[in-house]
Amino acid sequence: MIATPFVQGGLRKEPLSFEIETECAHCSQSLHLTIDSDLRYQVSEADEGAEPLVFQPLIDWATFTEPNIIDAF
C-alpha cells in the first residue's frame with residue numbers, strides 16, 4: 001500500500017507528488033490524477049468532466065507522533 005502524498009509529505013516534511021490511475025466507484029469512469037503534498041491535484045485532460053473529491057485527514061502534522069495515520073484517529 002502506498003500512502004497518499006499529503007500524508008507521506010507531511011511525515012517526511014518534504015514535497016512529494018504522485019500519479020494515480022483509478023476509476024469512479026459509482027460509474028467506473030477512469031480517472032488519472034496527479035496529487036502533490038500540498039493537496040493540489042490535477043485531473044488528466046482525457047478525463048474531461050471528472051470532478052473527484054480530494055481531501056486531507058484532519059491531523060495536526062506539527063504535533064503528530066503516532067506510528068501511523070490510523071492511530072491518529
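## A pair across two strands

Thr34 stands opposite Gln42 in S3. Three bridges join S3 to strand S2, which covers residues 30–36, and the two run antiparallel. Strands pair here if DSSP finds at least two bridges between them.

This is a predicted model, with residues numbered from 1 along each chain as its sequence is written. Local features need pLDDT of at least 70 and side-chain atom pairs pLDDT 80 or more, while totals for chains, interfaces and linings use all residues; side-chain values use heavy atoms, with hydrogens and water left out.

## The sheet and the fold

The sheet is open and has three strands in the order S1-S2-S3, with antiparallel pairing. Its edge strands are S1 (17–23) and S3 (41–43), each pairing on one side only. On average, neighbouring strands are turned by 20° against each other, direction ignored. Axes for such angles are lines fitted to C-alpha atoms (for helices, over the stretch in contact), and angles run from 0 to 180 degrees between N-to-C directions.

From the N terminus on, the elements run α-β-β-β. Both types are DSSP runs numbered from the N terminus: helices are H or I of at least four residues, strands E of at least two.

## The salt bridge

The whole structure holds one salt bridge. Asp36 forms this salt bridge with Arg40, and the closest N and O atoms are 2.8 Å apart. The term requires a side-chain nitrogen of Lys or Arg within 4 Å of a carboxyl oxygen of Asp or Glu.

Asp36 counts as buried, at 14% relative accessibility. Arg40 counts as exposed, at 53%. Buried means under 20% relative accessible area, exposed over 50%, and partly exposed in between (1.4 Å probe, protein chains only).

## Cysteines

The disulfide count is zero. A disulfide needs a pair of cysteine sulfur atoms within 2.5 Å. The sulfur of Cys24 has its closest cysteine sulfur in Cys27, 3.7 Å away, so the gap is too far for a bond. Cys27 is likewise in no disulfide.

Cys24 is partly exposed, with a relative accessible area of 24%. Cys27 is also partly exposed, at 44%.

## Whole-chain figures

Of the chain's 73 residues, 23% count as buried. The chain exposes about 5800 Å², and carbon and sulfur atoms supply 52% of that area. Areas come from the Shrake-Rupley method with a 1.4 Å probe; for residues, only the protein chains shown count as cover.

Among contacts between residues at least 6 apart in sequence, 18% join residues at least 24 apart. Contact means heavy atoms within 4.5 Å.
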